[in-house]
Amino acid sequence: SLLLALSLLSPWGSAAGSCPPRCVCASNLLSCSQANLSAVPAPLPRFTAVLDLSHNNVTRLRADWAPARLPHLHALLLSHNGLAFVSTEAFAHVPRLRHLDLSSNRLRTLDENLFSDLGELEVLLLYNNEIATVDRTAFENLGRLRKLYLGQNRIARFPLELLREGTRLPQLALLDLSANRLRAVPAGELQALPAWLRDRLYLHNNPLACDCLLFQLLDRGRRRHLSAVEDFQDELRCFLPGATALVKILELAGKPPLNCSKAREAVLEAHLGDSVTLGCDSRWQGVRSRHWVTPGGERVLGDGGNGSVVLLANGSLQLRALRPEDAGTYSCWVAGPLLNETLYVELLVHNFTLHGPHDTLNTAYTTLVGCILSVVLVLIYLYLTPCRCCCCRGTEKPPAPRDDSINSSVLSTTPNHAGGTGEPCGSHMASGAGTGQNGRFKGGGTPPLPARQGPKAQRKVSDPDSVSSVFSDTPIVV
């Protein structure tokens, strides 16, 4: 009677809770591994929490494999079964599943909304299958998924939508795409991802095309000691243009034909008066505390510098109304869950301002425009300067003798004549006397020659239309 009472109290004592044939049961664990099963055993105890069906011959997982709801099942292991088909309703009765292992099977596609019933799933293993097509909605509603293993498949397109922040998988912290058929990756968008996610993005053993952006992405990861790069340096290879052999991606620096240059860790450029935010891109996700140190050695824990330096809630440092002295290297000190980390951000502050999107003239362009404008103004001054007095032009006169040219200055601004002070003819005409520069009137606007004796008696005043008047503001009189 005592044994009967104990058997009734045991979870496996009733018919509904009996252990299936060829399985081993322990408490709420049910292990049917290597039992040569071609179907899921039935009935399954309702209180089962872990179900191991690995290393069997279950090739199809239909919707009725669990006819009754299994509210406590949180781990389902189906690896090494030759599984080729999974119904889209196969997980309708196991909504509390957190760990699902479908690795080492023969799955070729991930259909629409295949895992949409698993809202609490955290780990999904799909490596070592034949997956070539992944529907964009296959991972819908997996808001708690943290680790996704898709390595050793036939995937040729990088599923970037899985990584974009705030999309289908907001808590994803590990994505394994190694040993697939990826030929290109969006290196620019991957660089913008947080370091804690890039630290668990595995891309080794893919036939990637060599690219400098890809090299710089992985080179930054190596210098930051990211495990996905540091642990698989030899397996990160690519094809050079026109080559058939793979080369190591991290050895592309300065080598032809790409001649890739190493990128600096973090450099931010700004202008005077701008506001910028310096990100603390730590590879630790659960950061306990962090603080910044400015180029001047000042430690920033909160507001500082009259509100011009602010430590934001996400750990970033915001600088407002930049000044020239704000330039330099800022360091972010992070206290991680395992180790501490120090990050450096170099800020370059240009000594001119940008007032808007249309005001983009830089110093070199402004200097060039200034030089061109100066040349144009000089040419206008030399060749297009109008005569200051309309009365100074007259009939053409014969050129002056050769010996007279030495007495006239081409670049002089002072009249060059022998008698007293000379003024522009306009001022004499305005006096009303009607006389020229030497006291005589000449209707043509050119004063007559003074009477002289000797060989220089035929000397004439300078013609306003001659070269001398072109380079002078005032007519030259001799």
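## Close-up views of a predicted model

Of the 478 residues in the protein, 37% are buried. The model shown is a predicted one.

**Figure 1. The whole protein in overview.** Its secondary structure consists of eight helices and 24 strands. The accessible surface comes to about 26600 Å². Carbon and sulfur atoms hold 54% of that surface.

**Figure 2. The largest nonpolar core and Phe 115.** This core has 71 residues. Trp 65, Phe 115, Leu 126, Phe 139 and Leu 148 have the most contacts inside the core. Helix H2 (187-191) and helix H4 each supply at least two of the core residues. The largest share, four residues, comes from H4. Leaving aside neighbours within four places in sequence, Phe 115 is in contact with Phe 91, Leu 100, Leu 102, Leu 110, Leu 124, Leu 126, Ala 138, Phe 139, Glu 140 and Leu 142. Another core lies apart from the largest one and has 20 residues, including Leu 278, Trp 292, Leu 311 and Cys 332. In soluble globular proteins, nonpolar side chains tend to be buried together.

**Figure 3. Asp 219 in helix H4.** Helix H4 spans residues 212-223 and includes Asp 219. The relative accessible area of Asp 219 is 2%, so this residue counts as buried. Beyond the neighbours within four places in sequence, Asp 219 is in contact with Leu 250 and Lys 262.

**Figure 4. The largest pocket and its lining.** About 720 Å³ of space lies in this pocket. Its lining is made up of 36 residues. Ala 192, Leu 193, Pro 194, Cys 280 and Asp 281 lie nearest the centre of the pocket. Helix H3 (195-198) and strands S17 (267-271), S18 (276-278) and S24 (340-350) each supply at least two lining residues. By class, 20 of the lining residues are nonpolar, eight are polar and eight are charged.

**Figure 5. Arg 198 in helix H3.** Arg 198 is placed in helix H3. With a relative accessibility of 8%, Arg 198 falls under the 20% cut-off and therefore counts as buried. Not counting residues up to four places away in sequence, Arg 198 touches Leu 190, Gln 191, Leu 193, Leu 217, Leu 226, Ala 228 and Asp 281.

**Figure 6. Leu 319 in strand S22.** Strand S22 covers residues 317-319 and holds Leu 319. The residue is buried, at 3% relative accessible area. Ser 308 is 11 residues away from Leu 319 along the chain, and the C-alpha atoms of the two are separated by 5.7 Å. Apart from neighbours within four places in sequence, the contacts of Leu 319 are with Asp 274, Ser 275, Val 276, Leu 278, Ser 308, Val 309, Tyr 330 and Leu 347.

**Figure 7. Backbone details in loops.** The peptide bond from Ala 42 to Pro 43 is cis, with omega near 0°. Pro 43 sits in the loop between strand S2 (29-31) and strand S3 (50-52). Asn 36 also lies in the loop between S2 and S3. The phi of Asn 36 is near 55°, a positive value in a residue other than glycine. Asn 36 is exposed, with a relative accessible area of 57%. A cis peptide bond also leads from Pro 256 to Pro 257, with omega near 0°. Pro 257 is found in the loop between strand S16 (246-248) and S17. Asn 141, which is not a glycine, has a positive phi of about 70°. The loop that holds Asn 141 runs between strand S10 (133-134) and strand S11 (147-149).

Methods: Residues numbered from 1 in each chain as written. Predicted model: local features only at pLDDT ≥ 70, side-chain atom pairs only at ≥ 80, totals over all residues. Heavy atoms only, no water. Buried < 20%, exposed > 50% of the residue type's maximum accessible area, 1.4 Å probe, protein only. Areas by Shrake-Rupley, 256 points an atom, 1.4 Å probe, with all protein chains shown as cover. Contact = heavy atoms within 4.5 Å. Core = buried A, V, L, I, M, F, W, Y, C linked by side-chain atoms within 4.5 Å. 1 Å grid on protein atoms, 1.4 Å probe; cavity = no way out; pocket = protein on both sides within 12 Å on 5 of 7 lines; lining within 4 Å. Points joined across faces, edges and corners; volume = space filled by probe spheres on them. Nonpolar A, V, L, I, M, F, W, Y, C, P; charged D, E, K, R; others polar.
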